[in-house]
Amino acid sequence: MHAVHFGAGNIGRGFIGEVLSKNGFSIDFVDLNETIIDALQARGSYEIELADQDKEQMTVNQVNGINNGQEPEAVVQAISQANIVTTAIGPNILPYIAELICQGLKARQEQGIQEALDVIACENMIGGSQFLKEKVQAFADESLLDYIETYIGFPNAAVDRIVPIQSHEDPLFVSVEPFKEWVIDATQSKNKEIRLDEVLYVEDLEPYIERKLFSVNTGHATVAYTGYYKGYATIDQAMEDSAVKSQLEAVLNETGQLLEAKWHFDADDHQAYIQKIIGRFENPYISDDITRVARTPIRKLGYDERFIRPMREAKQYELSYKHLLKVVAMIFKYDYAEDDQAVALQDKLNKQPLEEVISEVTGLEDKELINQIAKTYQEL
(Lines give C-alpha, C1' and ligand atoms only; values in the text may rest on other atoms or scores of the structure.)
Protein backbone atom coordinates (compact mmCIF):
# COMPACT_ATOMS: atom_id res chain seq x y z
CA MET A 1 0.00 0.00 0.00
CA HIS A 2 1.30 3.41 -0.98
CA ALA A 3 0.42 6.90 0.30
CA VAL A 4 1.18 10.35 -1.07
CA HIS A 5 1.21 13.02 1.62
CA PHE A 6 1.48 16.75 0.91
CA GLY A 7 3.33 18.55 3.69
CA ALA A 8 6.48 17.15 5.29
CA GLY A 9 6.35 19.45 8.31
CA ASN A 10 6.03 18.38 11.93
CA ILE A 11 2.31 17.54 11.73
CA GLY A 12 2.77 15.65 8.47
CA ARG A 13 5.64 13.56 9.78
CA GLY A 14 4.63 13.39 13.44
CA PHE A 15 0.93 12.66 13.05
CA ILE A 16 -0.35 11.67 9.60
CA GLY A 17 2.88 9.94 8.63
CA GLU A 18 2.93 7.96 11.87
CA VAL A 19 -0.63 6.70 11.39
CA LEU A 20 -0.10 5.80 7.73
CA SER A 21 3.12 3.97 8.57
CA LYS A 22 1.45 1.99 11.35
CA ASN A 23 -1.14 0.93 8.79
CA GLY A 24 1.55 -0.51 6.52
CA PHE A 25 1.83 2.27 3.95
CA SER A 26 5.00 3.41 2.27
CA ILE A 27 4.84 7.21 2.04
CA ASP A 28 5.96 9.79 -0.50
CA PHE A 29 6.16 13.13 1.32
CA VAL A 30 5.66 16.08 -1.05
CA ASP A 31 7.10 19.43 0.01
CA LEU A 32 9.17 22.42 -1.12
CA ASN A 33 11.54 22.26 1.86
CA GLU A 34 14.77 21.02 0.28
CA THR A 35 16.45 20.15 3.58
CA ILE A 36 13.61 17.85 4.68
CA ILE A 37 13.04 16.33 1.22
CA ASP A 38 16.75 15.63 0.72
CA ALA A 39 16.96 13.98 4.14
CA LEU A 40 13.90 11.80 3.44
CA GLN A 41 15.39 10.72 0.11
CA ALA A 42 18.78 9.96 1.67
CA ARG A 43 17.59 8.08 4.75
CA GLY A 44 14.17 6.61 3.99
CA SER A 45 13.16 6.79 7.67
CA TYR A 46 12.83 9.18 10.63
CA GLU A 47 12.23 9.19 14.37
CA ILE A 48 9.21 10.40 16.36
CA GLU A 49 9.32 11.04 20.11
CA LEU A 50 6.28 11.30 22.35
CA ALA A 51 6.41 14.48 24.43
CA ASP A 52 5.86 13.10 27.93
CA GLN A 53 7.89 11.79 30.84
CA ASP A 54 8.71 8.46 29.16
CA LYS A 55 9.83 10.04 25.83
CA GLU A 56 8.99 6.87 23.90
CA GLN A 57 10.48 6.85 20.41
CA MET A 58 9.36 5.11 17.24
CA THR A 59 10.77 4.82 13.74
CA VAL A 60 8.77 5.55 10.59
CA ASN A 61 10.18 3.53 7.70
CA GLN A 62 9.55 3.25 3.95
CA VAL A 63 9.41 6.98 3.36
CA ASN A 64 10.63 9.12 0.48
CA GLY A 65 10.58 12.80 -0.38
CA ILE A 66 9.49 14.56 -3.56
CA ASN A 67 10.15 18.25 -4.18
CA ASN A 68 7.02 19.39 -6.02
CA GLY A 69 8.78 22.54 -7.20
CA GLN A 70 11.60 20.62 -8.85
CA GLU A 71 9.92 17.30 -9.71
CA PRO A 72 6.21 17.89 -10.44
CA GLU A 73 6.12 14.94 -12.83
CA ALA A 74 7.28 12.64 -10.00
CA VAL A 75 4.34 13.85 -7.88
CA VAL A 76 1.92 13.11 -10.73
CA GLN A 77 3.41 9.63 -11.13
CA ALA A 78 3.16 8.97 -7.36
CA ILE A 79 -0.52 10.01 -7.26
CA SER A 80 -1.27 7.81 -10.25
CA GLN A 81 -0.10 4.78 -8.23
CA ALA A 82 -1.33 5.84 -4.78
CA ASN A 83 -3.84 4.03 -2.57
CA ILE A 84 -4.49 7.16 -0.49
CA VAL A 85 -3.59 10.87 -0.73
CA THR A 86 -3.45 13.12 2.34
CA THR A 87 -2.45 16.70 3.13
CA ALA A 88 -1.24 18.67 6.15
CA ILE A 89 0.04 21.88 4.60
CA GLY A 90 -2.28 24.60 5.91
CA PRO A 91 -5.65 25.70 4.50
CA ASN A 92 -4.15 28.61 2.58
CA ILE A 93 -1.80 26.32 0.63
CA LEU A 94 -4.42 23.83 -0.57
CA PRO A 95 -5.25 25.79 -3.76
CA TYR A 96 -1.59 25.66 -4.80
CA ILE A 97 -1.45 21.84 -4.91
CA ALA A 98 -4.83 21.40 -6.65
CA GLU A 99 -3.45 21.42 -10.20
CA LEU A 100 -0.82 18.77 -9.38
CA ILE A 101 -3.45 16.55 -7.78
CA CYS A 102 -5.66 17.05 -10.82
CA GLN A 103 -2.81 15.98 -13.10
CA GLY A 104 -2.27 12.90 -10.94
CA LEU A 105 -5.93 11.97 -11.19
CA LYS A 106 -5.79 12.54 -14.97
CA ALA A 107 -2.89 10.09 -15.12
CA ARG A 108 -4.98 7.51 -13.26
CA GLN A 109 -7.81 8.02 -15.73
CA GLU A 110 -5.48 7.66 -18.73
CA GLN A 111 -4.06 4.43 -17.27
CA GLY A 112 -7.59 3.07 -16.87
CA ILE A 113 -7.27 2.72 -13.09
CA GLN A 114 -10.68 1.99 -11.57
CA GLU A 115 -9.53 1.50 -7.98
CA ALA A 116 -11.23 4.10 -5.78
CA LEU A 117 -8.97 6.70 -4.16
CA ASP A 118 -9.62 8.99 -1.21
CA VAL A 119 -7.96 12.42 -1.02
CA ILE A 120 -8.11 13.62 2.59
CA ALA A 121 -7.20 17.15 3.70
CA CYS A 122 -6.02 16.89 7.32
CA GLU A 123 -6.16 20.60 8.02
CA ASN A 124 -7.37 22.78 10.88
CA MET A 125 -10.44 23.87 8.93
CA ILE A 126 -14.03 22.82 8.43
CA GLY A 127 -14.76 21.12 5.09
CA GLY A 128 -11.11 20.99 4.01
CA SER A 129 -11.36 18.01 1.66
CA GLN A 130 -14.46 19.34 -0.10
CA PHE A 131 -12.73 22.71 -0.45
CA LEU A 132 -9.76 20.94 -2.05
CA LYS A 133 -12.12 19.02 -4.35
CA GLU A 134 -13.54 22.28 -5.69
CA LYS A 135 -10.04 23.58 -6.40
CA VAL A 136 -9.05 20.31 -8.13
CA GLN A 137 -12.21 20.25 -10.25
CA ALA A 138 -11.44 23.74 -11.54
CA PHE A 139 -8.53 22.22 -13.53
CA ALA A 140 -10.48 19.18 -14.83
CA ASP A 141 -12.18 18.69 -18.18
CA GLU A 142 -15.64 17.09 -18.48
CA SER A 143 -14.24 13.59 -18.89
CA LEU A 144 -12.05 13.89 -15.81
CA LEU A 145 -14.91 15.41 -13.79
CA ASP A 146 -16.92 12.25 -14.48
CA TYR A 147 -13.96 10.09 -13.49
CA ILE A 148 -13.52 12.02 -10.23
CA GLU A 149 -17.20 11.67 -9.34
CA THR A 150 -17.03 7.91 -9.96
CA TYR A 151 -13.70 6.93 -8.41
CA ILE A 152 -12.25 9.75 -6.28
CA GLY A 153 -13.50 10.55 -2.78
CA PHE A 154 -12.73 13.74 -0.89
CA PRO A 155 -13.91 12.86 2.64
CA ASN A 156 -13.72 15.70 5.14
CA ALA A 157 -11.71 15.08 8.29
CA ALA A 158 -11.09 16.49 11.75
CA VAL A 159 -7.59 16.20 13.20
CA ASP A 160 -6.21 17.00 16.63
CA ARG A 161 -2.67 16.69 17.93
CA ILE A 162 -0.45 19.30 19.57
CA VAL A 163 3.05 19.55 18.15
CA PRO A 164 5.22 21.82 20.33
CA ILE A 165 7.54 24.43 18.85
CA GLN A 166 10.89 22.65 18.48
CA SER A 167 14.31 22.75 16.90
CA HIS A 168 16.52 19.70 16.45
CA GLU A 169 19.88 19.01 14.88
CA ASP A 170 18.19 16.21 12.92
CA PRO A 171 15.76 17.93 10.51
CA LEU A 172 13.48 14.87 10.43
CA PHE A 173 13.20 14.23 14.16
CA VAL A 174 9.86 15.39 15.56
CA SER A 175 8.33 15.50 19.04
CA VAL A 176 4.55 15.18 19.39
CA GLU A 177 2.10 14.87 22.25
CA PRO A 178 0.84 11.33 22.99
CA PHE A 179 -2.80 12.27 22.33
CA LYS A 180 -4.08 12.19 18.77
CA GLU A 181 -7.51 12.15 17.13
CA TRP A 182 -8.25 11.74 13.42
CA VAL A 183 -11.91 11.49 12.43
CA ILE A 184 -13.06 10.93 8.81
CA ASP A 185 -16.51 11.34 7.23
CA ALA A 186 -17.23 7.82 6.00
CA THR A 187 -20.14 8.97 3.82
CA GLN A 188 -17.76 10.90 1.52
CA SER A 189 -15.22 8.08 1.20
CA LYS A 190 -14.99 6.20 -2.11
CA ASN A 191 -12.45 3.55 -1.12
CA LYS A 192 -14.42 1.52 1.41
CA GLU A 193 -11.68 -1.13 1.52
CA ILE A 194 -9.23 1.14 3.35
CA ARG A 195 -10.16 1.79 6.97
CA LEU A 196 -7.13 3.01 8.89
CA ASP A 197 -6.44 1.78 12.41
CA GLU A 198 -6.28 4.64 14.96
CA VAL A 199 -8.73 6.63 12.81
CA LEU A 200 -12.44 7.02 13.62
CA TYR A 201 -14.84 6.82 10.67
CA VAL A 202 -18.23 8.40 11.33
CA GLU A 203 -21.49 8.98 9.45
CA ASP A 204 -21.74 12.59 10.66
CA LEU A 205 -18.52 14.54 11.13
CA GLU A 206 -20.01 17.84 12.29
CA PRO A 207 -20.46 16.88 15.98
CA TYR A 208 -16.78 15.91 16.21
CA ILE A 209 -15.61 19.06 14.45
CA GLU A 210 -17.62 21.18 16.88
CA ARG A 211 -16.48 19.14 19.87
CA LYS A 212 -12.86 19.82 18.92
CA LEU A 213 -13.47 23.50 18.08
CA PHE A 214 -15.50 24.25 21.23
CA SER A 215 -13.26 22.19 23.53
CA VAL A 216 -9.65 22.10 22.34
CA ASN A 217 -9.56 25.41 20.42
CA THR A 218 -11.79 27.28 22.85
CA GLY A 219 -9.94 25.78 25.81
CA HIS A 220 -6.43 26.47 24.52
CA ALA A 221 -7.33 30.08 23.74
CA THR A 222 -8.98 30.44 27.16
CA VAL A 223 -5.72 29.50 28.88
CA ALA A 224 -3.77 31.84 26.59
CA TYR A 225 -5.88 34.96 27.08
CA THR A 226 -6.46 34.36 30.80
CA GLY A 227 -2.75 33.63 31.23
CA TYR A 228 -1.73 36.76 29.32
CA TYR A 229 -4.12 38.86 31.42
CA LYS A 230 -2.40 37.47 34.53
CA GLY A 231 1.12 38.02 33.17
CA TYR A 232 2.27 34.49 32.30
CA ALA A 233 4.53 33.66 29.34
CA THR A 234 3.74 30.00 28.62
CA ILE A 235 0.69 27.74 28.68
CA ASP A 236 2.08 25.35 31.30
CA GLN A 237 2.99 28.27 33.60
CA ALA A 238 -0.55 29.59 33.31
CA MET A 239 -2.00 26.14 34.03
CA GLU A 240 -0.17 26.08 37.38
CA ASP A 241 -2.38 28.98 38.49
CA SER A 242 -5.53 27.56 40.06
CA ALA A 243 -7.55 30.57 38.89
CA VAL A 244 -6.58 29.95 35.25
CA LYS A 245 -7.38 26.26 35.54
CA SER A 246 -10.73 27.05 37.18
CA GLN A 247 -11.54 29.46 34.36
CA LEU A 248 -10.68 26.76 31.80
CA GLU A 249 -12.85 24.17 33.57
CA ALA A 250 -15.77 26.61 33.77
CA VAL A 251 -15.54 27.49 30.07
CA LEU A 252 -15.30 23.83 29.02
CA ASN A 253 -18.29 22.98 31.20
CA GLU A 254 -20.29 25.70 29.41
CA THR A 255 -19.31 24.51 25.95
CA GLY A 256 -19.78 20.92 27.15
CA GLN A 257 -23.37 21.58 28.18
CA LEU A 258 -23.99 23.03 24.73
CA LEU A 259 -22.39 20.05 22.94
CA GLU A 260 -24.41 17.60 25.04
CA ALA A 261 -27.65 19.47 24.35
CA LYS A 262 -26.98 19.95 20.65
CA TRP A 263 -25.31 16.67 19.65
CA HIS A 264 -26.34 14.37 22.51
CA PHE A 265 -22.81 13.46 23.56
CA ASP A 266 -22.91 11.27 26.67
CA ALA A 267 -22.32 13.52 29.70
CA ASP A 268 -19.87 11.15 31.43
CA ASP A 269 -17.93 10.53 28.21
CA HIS A 270 -17.71 14.23 27.52
CA GLN A 271 -16.50 15.00 31.03
CA ALA A 272 -13.74 12.43 30.52
CA TYR A 273 -12.89 14.16 27.22
CA ILE A 274 -12.70 17.52 29.03
CA GLN A 275 -10.35 16.12 31.68
CA LYS A 276 -8.13 14.66 28.95
CA ILE A 277 -7.91 18.08 27.29
CA ILE A 278 -7.01 19.76 30.59
CA GLY A 279 -4.27 17.17 31.08
CA ARG A 280 -2.90 17.96 27.61
CA PHE A 281 -2.64 21.66 28.43
CA GLU A 282 -0.87 20.81 31.72
CA ASN A 283 1.77 18.70 29.95
CA PRO A 284 5.08 20.60 30.48
CA TYR A 285 6.66 18.70 27.59
CA ILE A 286 4.44 20.44 25.03
CA SER A 287 4.48 23.92 26.52
CA ASP A 288 3.69 26.73 24.13
CA ASP A 289 4.14 30.48 24.21
CA ILE A 290 0.96 32.23 25.28
CA THR A 291 1.37 34.89 22.61
CA ARG A 292 1.52 32.22 19.88
CA VAL A 293 -1.70 30.55 21.03
CA ALA A 294 -3.38 33.96 21.52
CA ARG A 295 -2.28 35.37 18.15
CA THR A 296 -4.81 36.90 15.71
CA PRO A 297 -7.42 37.92 18.32
CA ILE A 298 -9.71 39.54 15.72
CA ARG A 299 -9.97 36.23 13.85
CA LYS A 300 -10.65 34.35 17.08
CA LEU A 301 -13.53 36.76 17.83
CA GLY A 302 -15.23 35.86 14.54
CA TYR A 303 -18.96 35.17 14.37
CA ASP A 304 -18.50 31.41 13.78
CA GLU A 305 -15.30 31.09 15.75
CA ARG A 306 -14.48 29.38 19.05
CA PHE A 307 -16.05 31.90 21.46
CA ILE A 308 -18.81 33.86 19.76
CA ARG A 309 -20.47 30.84 18.16
CA PRO A 310 -20.83 28.78 21.36
CA MET A 311 -22.02 31.92 23.17
CA ARG A 312 -24.69 32.55 20.55
CA GLU A 313 -25.85 28.95 20.62
CA ALA A 314 -25.74 28.65 24.41
CA LYS A 315 -28.05 31.67 24.55
CA GLN A 316 -30.42 29.95 22.10
CA TYR A 317 -30.45 26.82 24.27
CA GLU A 318 -30.90 28.98 27.40
CA LEU A 319 -27.62 27.72 28.83
CA SER A 320 -24.97 29.61 30.83
CA TYR A 321 -22.18 31.42 28.97
CA LYS A 322 -20.92 33.86 31.62
CA HIS A 323 -17.40 32.38 31.66
CA LEU A 324 -17.18 32.53 27.87
CA LEU A 325 -18.19 36.19 28.18
CA LYS A 326 -15.29 36.84 30.54
CA VAL A 327 -12.74 35.35 28.13
CA VAL A 328 -14.18 37.36 25.24
CA ALA A 329 -13.74 40.50 27.33
CA MET A 330 -10.11 39.50 27.96
CA ILE A 331 -9.56 39.10 24.22
CA PHE A 332 -10.72 42.67 23.71
CA LYS A 333 -8.11 43.66 26.32
CA TYR A 334 -5.34 41.71 24.54
CA ASP A 335 -2.66 44.27 23.65
CA TYR A 336 0.46 42.33 22.70
CA ALA A 337 2.49 44.86 20.71
CA GLU A 338 3.99 42.34 18.26
CA ASP A 339 0.59 40.98 17.17
CA ASP A 340 -0.75 43.05 14.28
CA GLN A 341 -4.36 42.13 15.01
CA ALA A 342 -3.98 42.97 18.70
CA VAL A 343 -2.60 46.38 17.75
CA ALA A 344 -5.41 46.92 15.24
CA LEU A 345 -8.03 45.91 17.81
CA GLN A 346 -6.70 48.32 20.44
CA ASP A 347 -6.60 51.06 17.81
CA LYS A 348 -10.27 50.48 17.05
CA LEU A 349 -11.14 50.60 20.75
CA ASN A 350 -9.31 53.91 21.11
CA LYS A 351 -11.11 55.51 18.18
CA GLN A 352 -14.63 54.00 18.14
CA PRO A 353 -17.40 53.39 20.68
CA LEU A 354 -16.98 50.06 22.49
CA GLU A 355 -20.32 48.58 21.36
CA GLU A 356 -19.55 49.52 17.76
CA VAL A 357 -16.19 47.73 17.85
CA ILE A 358 -17.76 44.64 19.44
CA SER A 359 -20.41 44.46 16.73
CA GLU A 360 -17.90 45.09 13.93
CA VAL A 361 -15.35 42.53 15.09
CA THR A 362 -17.74 39.76 16.14
CA GLY A 363 -20.43 40.25 13.50
CA LEU A 364 -23.03 40.21 16.28
CA GLU A 365 -26.32 42.02 15.82
CA ASP A 366 -27.85 40.71 19.07
CA LYS A 367 -27.92 43.87 21.22
CA GLU A 368 -28.19 41.89 24.44
CA LEU A 369 -25.02 39.91 23.73
CA ILE A 370 -23.16 43.02 22.61
CA ASN A 371 -24.15 44.82 25.82
CA GLN A 372 -23.17 41.82 27.94
CA ILE A 373 -19.70 41.73 26.34
CA ALA A 374 -19.34 45.49 26.83
CA LYS A 375 -20.40 45.30 30.48
CA THR A 376 -17.99 42.42 31.20
CA TYR A 377 -15.16 44.26 29.42
CA GLN A 378 -15.76 47.38 31.52
CA GLU A 379 -15.81 45.33 34.74
CA LEU A 380 -12.40 43.72 34.11
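Biologist: Is Ser 80 buried or exposed in this model?

Modeller: This is a predicted model, in which local features need pLDDT of at least 70, side-chain atom pairs count only at pLDDT 80 or more, and totals for chains, interfaces and linings use all residues. Residues are numbered from 1 along each chain as its sequence is written, and side-chain values use heavy atoms, with hydrogens and water left out. Buried means under 20% relative accessible area, exposed over 50% and partly exposed in between, with a 1.4 Å probe and protein chains only. Because its relative accessibility is 1%, Ser 80 counts as buried.

Biologist: Which residues does Ser 80 touch, not counting those up to four places away in sequence?

Modeller: Touching here is contact, that is, heavy atoms within 4.5 Å. With residues up to four places away in sequence set aside, Ser 80 touches Gly 104, Ala 107, Arg 108, Gln 111 and Ile 113.

Biologist: Which residues touch the most other members of the largest nonpolar core?

Modeller: A nonpolar core is a set of buried Ala, Val, Leu, Ile, Met, Phe, Trp, Tyr and Cys residues joined through side-chain atoms within 4.5 Å. Among the 51 residues of the largest one, those that touch the most other members are Phe 332 and Ile 373.

Biologist: With which residues is Ile 373 in contact, leaving aside its neighbours within four places in sequence?

Modeller: Once those neighbours within four places are left aside, the contacts of Ile 373 include Phe 332.
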